[in-house]
Amino acid sequence: MTTSTNGKFDRTPLIAGNWKMNMDHVQGITLLQKLVWTLEDAKHNFERVEVAVFPPFTDLRGVQTLVAGDDLPVAYGGQDLSPHDSGAYTGDISGQFLARLGCRYVLVGHSERRTIHGEDDALLSTKMAAAYRHGLVPVLCVGEGLEVRTAGTHVAHTLAQLRANLEDVTAEQAARLVIAYEPVWAIGTGEVAGPADAQEMCAAIRAELEALYDAGTAAAVRLLYGGSVKAGNAAAILRERDVDGLLVGGASLDAAEFASIVRFEHHLVTE
Ligand SMILES: O=C(CO)COP(=O)(O)O
């Protein structure tokens, strides 16, 4: 039997879809329309569970037009941003431009940026600063690779990444932060970190935030899990106390599947 909990969340859950380099601007609009229709049909309460999408840059203007025109209750953001505001940086996208397009969020330090594009912690600190400079909420992605997980040093590794990326972030800024724990070995592989693994890391991240800032700040930050999330495993992960949402890759490209993840409460089994 599947039922909803009457659970109160400490923080508003955020279910975010990272489309990566999928969906051109025409496909992107169709996907977003389908997603919203599906959720509205199901009477989804967007205030109870927030929904966000991260389309490719070329889709953002269309997404903005659709969201603003139809007053859709969906947030969106860029998948990356430049540390600079404007100038001779061919191919880069400024946080200023993202803000002008109505983006609420921006991904910073996704593992694919770190590994494929060699983005290091020093660069990511400047991207964090750029996001805050333009009023964007960074979704800072951290997580370990397979060798680190196998060696058992994943918590220390991930917290070291976190400390480096938050070096210049003030407590006031941190209170608006979203952090996504995405173990690299679980991204796009079908391997999912179990709910207990997600909780272990999210609890460690929250404790680290308390040490770096204070308890109030640590309690305000939303912590997401990402890595092979599907409709079938989302609810179990979200039952964990310190997991406040999900960053979904592949499964966010299917409107019905993603909508089902957003409606995770309806898959929670009461005990
Ligand atoms: O990288 C991810 C989200 O940012 C996870 O991707 P998958 O859900 O496809 O594993």
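Modeller: Helix 5 (residues 121-133) packs against helix 7 at an angle of about 50°, and their axes are 8 Å apart. This is a predicted model, in which local features need pLDDT of at least 70 and side-chain atom pairs count only at pLDDT 80 or more, while totals for chains, interfaces and linings use all residues. Residues are numbered from 1 along each chain as its sequence is written, and side-chain values use heavy atoms, without hydrogens and water.

Colleague: What makes helix 5 oblique to helix 7?

Modeller: Under 35 degrees counts as roughly parallel, over 145 as roughly antiparallel, 65 to 115 as roughly perpendicular, and the rest as oblique. The angle here is about 50°, which makes helix 5 oblique to helix 7. The axes are lines fitted to C-alpha atoms over the stretch in contact, and angles run from 0 to 180 degrees between N-to-C directions.

Colleague: Which residues make the contact of helix 5 with helix 7?

Modeller: D121, L124, S125 and M128 of helix 5 meet Q161, A164 and N165 of helix 7. Contact here means heavy atoms within 4.5 Å.

Colleague: How many residues of each class does the contact of helix 5 with helix 7 have?

Modeller: Three are nonpolar, three polar and one charged. Nonpolar covers Ala, Val, Leu, Ile, Met, Phe, Trp, Tyr, Cys and Pro; Asp, Glu, Lys and Arg are charged; the others, Gly among them, are polar.

Colleague: Why are helix 7 and helix 9 called oblique to each other?

Modeller: The axes of helix 7 (residues 154-165) and helix 9 come within 10 Å and cross at roughly 40°. Helix 7 and helix 9 are therefore oblique to each other. On the helix 7 side the contact is made by H154, V155, T158, L159, L162 and R163, and on the helix 9 side by E200, M201, A204, I205, E208 and L212. In this contact of helix 7 with helix 9, seven residues are nonpolar, two polar and three charged.

Colleague: What makes helix 1 oblique to helix 12?

Modeller: Helix 1 (residues 25-41) and helix 12 (residues 255-262) have axes 9 Å apart, at an angle of about 45°. That angle makes helix 1 oblique to helix 12. L31, K34, L35, T38 and L39 in helix 1 meet A255, F258, A259 and V262 in helix 12. The contact of helix 1 with helix 12 divides into seven nonpolar residues, one polar and one charged.

Colleague: Which residues does UniProt list for "active site", and why do they gather at one spot?

Modeller: The unreviewed UniProt entry lists H110 and E182. They span 73 residues in sequence, but no two of their C-alpha atoms are more than 8.4 Å apart, so they gather at one spot. UniProt annotations may be inferred rather than shown by experiment. H110 lies in the loop between strand 4 (105-108) and helix 4 (111-116). Helices (H or I, at least four residues) and strands (E, at least two) are DSSP runs, numbered from the N terminus.

Colleague: Which residues does the UniProt annotation "binding site" cover?

Modeller: The unreviewed entry gives N18, W19, K20, G188, S228, G249 and G250. They are spread over 233 residues of sequence, yet cluster in space, with a largest C-alpha distance of 13.7 Å.

Colleague: Where are K20, G188 and S228 found?

Modeller: K20 is in the loop between strand 1 (14-18) and helix 1. G188 is in the loop between strand 6 (178-181) and helix 9 (195-212). S228 is in the loop between strand 7 (222-226) and helix 11 (231-238).

Colleague: Is phi of K20 positive or negative?

Modeller: Phi of K20 is near 55°, a positive value in a residue other than glycine. Phi of S228 is near 55°, again a positive value in a residue other than glycine.
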